[in-house]
Amino acid sequence: MKKVLFLLLLSIPFYAQIKTESFDSEKLAEKRAFTISLPPSYEKNTTKKYPILLLLDGDFLFDPFYGAISYGSYWDDFPETIIVGIHQNHNDERVDDSEFEETQGLPAEKGAAFFEFIGQELLPYIEKKYRTAPFRMIAGLDTTAGYLNFFLYKENPLFNAYLCLNPELAPLMEKRVAEQLNAAKSPVFYYLSTSEDEIKKLAEPIKMLNDNIKKDNNPLVNYKFESFKDAGHYSQTLYAIPSALHQIFESYKPITSSEFSNKIAVLPSGYVDYLEKKYSVLNEALHLDVPIRINDFKAIEAAILKNNAFNELDQLAILADKYYPKSMLAEYELALMYEKQEDYKKAMKRYQNASQMQEIGTLTKTMMLEKYDVMKSKIATKK
């Protein structure tokens, strides 16, 4: 059993590249350290770009986020992500970094400099040095969770997703954040969490913020609020992190058995349209260029066969040729269509064509040749 477990662990593609860098900041007039992790495919796939997750309080938020994302990406529920955790707890820098003035509730002194450090120095440095997709997330806890909301105040916010874990809100923030979300002109994800045992000083502004956001109904805002029972100020973080990531990456997930049964198989038609729309929404929401997964092709194929909508296999073949032009997938779908329509001669030809192309998924040359022989025997039987 131990040997099996050891081999299993060796097979998991852990985030191979984790390193600490330092940045000589002119805005802060000091060097700031950050830890960065690159996905396991980063060196193998030299054209792929990855979303970026910026962690405030990276000293203690890096590990739980790293674990959640590496596990989720292993099962393809989350995209592989570049994680950047800013160190803010060596000399309790997080307090000065989050500084704001009390009257207007805006960044001040070191807080203003830290704001410019992130937007004008660190992010440009990361995005120039590494292959990042145009989808940025930012997360923080209590003090830094409140601070990250300042980036929403900009006319064109820097980030696409905000993960506010038990935030300590600056003055007027419970109104301003809701106003900014209501005025959003592009898709934005906003996650807000707290615990039922939170102290009154933090809990009341968070409740007000939640109430204010819920009053508006901007269709461009993907909002989620959670208050965790039997969780303390810090322990709620371990519940919130995976929940927030699932919220943001919901559209990224492959077709599940539940989605197949409840949304796809019950359709009277339009199975290929459903697949195209699913990936269109995914790419638009996350700014990622994700090719249609082979298993999702097979799921749509199964729905088509289940409902005897054989003509749609032609559309599926066109889509397959677009994404996997060198593979046998498109020819196989056409062969299957002709087979179901009992045009065995055309089916035989397509299976033969497929046998000469690249294998993909569970489709093999042997399988295509076997299908060719079956079609040939059916033609002989009909004669």
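The legends below accompany an overview and several close-up views of a predicted model.

**Figure 1. Overall dimensions and secondary structure of the predicted model.** The protein contains 15 helices and eight strands, and its C-alpha atoms fill a box of roughly 90 × 45 × 45 Å when taken along the principal axes. Of the 383 residues of the protein, 51% count as buried.

**Figure 2. A nonpolar surface patch formed by Tyr-71, Tyr-74 and Trp-75.** Together, Tyr-71, Tyr-74 and Trp-75 have about 370 Å² of accessible area. Tyr-74 is found in helix α2, which covers residues 58–74, and the relative accessible area of Tyr-74 is 31%, so this residue is classed as partly exposed.

**Figure 3. Buried and exposed residues of helix α9.** Within α9, which comprises residues 257–264, the residues Glu-259, Phe-260 and Ile-264 are buried. Seen down the axis of α9, the buried residues fall within an arc of 100°, and they therefore line one face of the helix. The exposed residues Ser-257 and Asn-262 are carried by the face of α9 that is turned away from its buried side.

**Figure 4. The salt bridge between Lys-129 and Glu-21.** The closest N and O atoms of Lys-129 and Glu-21 are 3.4 Å apart. This pair links distant parts of the chain, since Lys-129 belongs to helix α4 (residues 110–129) and Glu-21 to strand β1 (residues 17–25), with the two partners 108 residues apart. Lys-129 counts as partly exposed, at 43% relative accessibility, whereas Glu-21 is buried, with a relative accessible area of 10%. In the model as a whole, the count comes to 21 salt bridges.

**Figure 5. The salt bridge between Asp-76 and Arg-293.** The closest N and O atoms of Asp-76 and Arg-293 are 2.6 Å apart. Asp-76 lies in the loop between α2 and β4 (82–86), while Arg-293 lies in the loop between α10 (271–286) and α11 (294–306), so the pair ties together parts that are 217 residues apart in sequence. At 24% relative accessibility Asp-76 counts as partly exposed, whereas Arg-293 is buried, with a relative accessible area of 11%.

**Figure 6. The salt bridge between Arg-350 and Glu-331.** The side chains of these two residues meet at 2.9 Å, N to O. Because Arg-350 lies in helix α14 (residues 344–355) and Glu-331 in helix α13 (residues 329–340), the pair ties together parts that are 19 residues apart in sequence. Arg-350 is partly exposed, with a relative accessible area of 26%, whereas Glu-331, at 15% relative accessibility, counts as buried.

**Figure 7. A network of salt bridges that includes Asp-97 and Lys-110.**

Terms used. Residues are numbered from 1 along each chain as its sequence is written. This is a predicted model: local features need pLDDT of at least 70, side-chain atom pairs count only at pLDDT 80 or more; totals for chains, interfaces and linings use all residues. Side-chain values use heavy atoms; hydrogens and water are left out. Patches are made of residues with over 30% relative accessible area and no salt bridge: like charges are joined within 9 Å, nonpolar side chains (Val, Leu, Ile, Met, Phe, Trp, Tyr) within 5 Å. Accessible areas come from the Shrake-Rupley method with a 1.4 Å probe; for residues, only the protein chains shown count as cover. A salt bridge is a side-chain nitrogen of Lys or Arg within 4 Å of a carboxyl oxygen of Asp or Glu. Helices (H or I, at least four residues) and strands (E, at least two) are DSSP runs, numbered from the N terminus. Buried means under 20% relative accessible area, exposed over 50%, partly exposed in between (1.4 Å probe, protein chains only). The arc is that of the directions from the helix axis to the C-beta atoms.
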